[in-house]
Amino acid sequence: MAEKSLSALGCHVYTEQRFPCKCFSQAQKALFSAGSAGVNRAFPYRFTRKSNQIRLSFPNLPRTSYRFKSCSATLSLMVEMEENPKFDADKAASLVKELRKSFNSGRTRSYEWRVSQLKSIEKMVEEKEKEITEALHKDLSKPAFEAFISEISQVKSSCKSALKELSGWMIPEKVKTSLTTYPSSAEIVSEPLGVVLVISTWNFPFSLSLDPVIGAISAGNAVVLKPSEISPATSLLLSKLVEEYLDKSAIRVVEGAVDETTSLLEQKWDKILYTGSARVGRIVMAAAAKHLTPVTLELGGKCPAVVDSNIDLQVAVRRIIAGKWALNNGQACIGVDYIITTKDLAPKLINSLKYELEQFFGKDPLQSKDMSRIVSSSQFARLVKMLDEDKVSDKVVFGGQRDESQLRIAPAILLDVPEDSQIMQEEIFGPLMPILTVENLEDSFEVINSKPKPLAAYLFTNDEQLKKDFVQKISSGGMLINDTILHVAVDGLPFGGVGESGMGAYHGKFSFDAFSHKKAVLYRSFTGDASVRYPPYTPGKQRLLKALISGNIISIILALIGWSKD
């Protein structure tokens with residue numbers, strides 16, 4: 001069917017490029033759309049799948065079916081009447097009302113309910129690990145090993161930590177009181193915020209969806225999860241699993257794209273956590289501001305790695321690769337975006353990177369099964385544009401081969417690209433690695449600080465003074481010395497950005513706190529009621545009040561007996 005005919009019928013199409021091939025590329029360009037970097041642009045209506053079939057909605061057609069086949073890549077298009085009504089603002093309002101009713105009943109506040117839901121997530125991940133791994137491979141060709149390490153094990157760890165620590169998190173925190181309020185006691189009570197919205201992203205579509213949800217449940221909230229449509233297989237699986245394993249009176253998943261997200265953002269929530277780009281983060285924040293809804297924004301930025309010469313270069317290079325190409329092929333908000341090193345070390349560093357990359361991914365990395373593919377054709381085109389920019393293309397010193405039919409780009413190393421190039425102005429979010437050289441490593445601080453604050457910053461050195469200077473002078477969401485990305489695996493450390501890279505944080509107890517209100521409570525009895533606080537106000541009362549506020553015992557005694565130090 002021609003593009004014009006589909007358009008005339010009002011067909012809205014959404015698909016993952018599961019089996020892209022050259023002979024079908026024109027049809028793909030005509031029929032299918034995918035999201036761009038950090039922006040969820042896609043099919044705005046609900047869709048369902050069976051195996052390799054994708055059901056589409058043709059509002060102007062009676063029920064029928066068409067099937068298209070292309071060489072080894074078979075794509076079935078099932079054209080039928082919309083069975084599910086569109087999720088609009090009215091349906092979003094109804095959903096929030098339903099969840100708020102459940103929350104107001106007190107159902108989600110109990111320790112028992114929270115534990116039961118956390119155990120259900122734990123059971124779900126354990127029982128459905130194979131399906132989760134398959135969905136991640138469909139969306140990103142994510143290797144099973146990487147899927148387990150960066151997605152499945154992360155969710156398991158978060159569940160385990162929450163189950164172990166939850167009772168302690170829920171205990172009110174005792175606070176010292178002052179002489180002014182004597183006799184009294186005080187505490188900080190963590191109470192759930194209410195009905196919260198989690199909007200997740202596509203690059204780690206399982207862990208970055210459920211990790212915040214675990215925090216919201218731990219804190220006793222009702223929660224709606226909106227997974228990214230850019231990773232449709234994982235989105236669909238999450239929708240099915242949450243409905244199967246969790247309490248649907250308080251925990252729901254809404255699938256969809258821009259229209260559905262817009263409908264959700266029009267509602268009043270008690271907290272919104274968004275993971276994605278700064279551009280969309282501003283949209284989320286503006287929508288939240290209309291209702292004075294607090295937000296946690298997990299964004300991104302250009303995360304630098306500064307490499308000194310007095311190190312074990314092989315170990316450093318391996319760890320950089322682990323934080324770039326072995327991390328969703330560079331499609332990670334905390335991945336190394338660029339390297340800064342000295343002019344003297346650069347040639348040796350490049351040779352070491354070349355050697356280790358070949359050891360990890362073979363002589364032809366495009367064929368490696370240990371590397372994820374680029375998520376979509378639009379992402380692929382964006383990265384190619386960066387690589388082919390006139391002022392950049394001659395700076396490639398290694399790699400950069402590409403296979404558009406398979407959405408794969410080989411690891412690319414570029415040396416001393418111009419600062420005003422696109423690759424240095426935007427977050428790369430892919431397998432391209434610029435290396436900038438400086439005369440002295442201290443000069444790297446100026447380079448980093450000239451850009452918006454990154455989500456993470458990395459330093460490889462054995463120089464203790466340089467470590468101290470780096471920690472003190474570089475502002476970033478997180479920081480790691482002599483390694484990459486592992487700081488997010490420490491539950492005791494908050495994960496969050498600063499400035500352009502985000503606001504707020506979660507992970508471990510920080511997740512519990514992110515979805516809790518810290519309520520200040522002061523307890524007093526009816527004894528010890530001092531007349532000094534009540535009218536009529538006299539000079540003697542004023543002296544006593546000043547003495548009480550100062551906390552000076554001698555002044556208080558003197559004021560009580562009517563004497564003054566003056």
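Guide: Helices here are DSSP runs of H or I with at least four residues, numbered from the N terminus. This is a predicted model, where local features need pLDDT of at least 70, side-chain atom pairs count only at pLDDT 80 or more, and totals for chains, interfaces and linings use all residues. Residues are numbered from 1 along each chain as its sequence is written, and side-chain values use heavy atoms, with hydrogens and water left out.

Two packed helices are described by the angle between their axes and the distance between the axes. For helix 4 (residues 111-127) and helix 8 (residues 232-245), the axes come within 10 Å and cross at roughly 130°. Axes are lines fitted to C-alpha atoms over the stretch in contact, with angles from 0 to 180 degrees between N-to-C directions. Helix 4 and helix 8 are therefore oblique to each other; angles under 35 degrees count as roughly parallel, over 145 as roughly antiparallel, 65 to 115 as roughly perpendicular and the rest as oblique.

Now the side chains: from helix 4, S120, K123, M124 and E127 meet L241, V242 and Y245 of helix 8, with contact meaning heavy atoms within 4.5 Å. Sorted by class, this contact has four nonpolar, one polar and two charged residues.

For a second pair, look at helix 11 (residues 313-322) and helix 12 (residues 346-361), whose axes come within 9 Å and cross at roughly 60°. Helix 11 and helix 12 are therefore oblique to each other, and their crossing is right-handed.

Key
Helices (H or I, at least four residues) and strands (E, at least two) are DSSP runs, numbered from the N terminus. A crossing is left-handed if the near helix is turned anticlockwise from the far one by less than a right angle, and right-handed if clockwise. Ala, Val, Leu, Ile, Met, Phe, Trp, Tyr, Cys and Pro count as nonpolar, Asp, Glu, Lys and Arg as charged, and the others, Gly among them, as polar.
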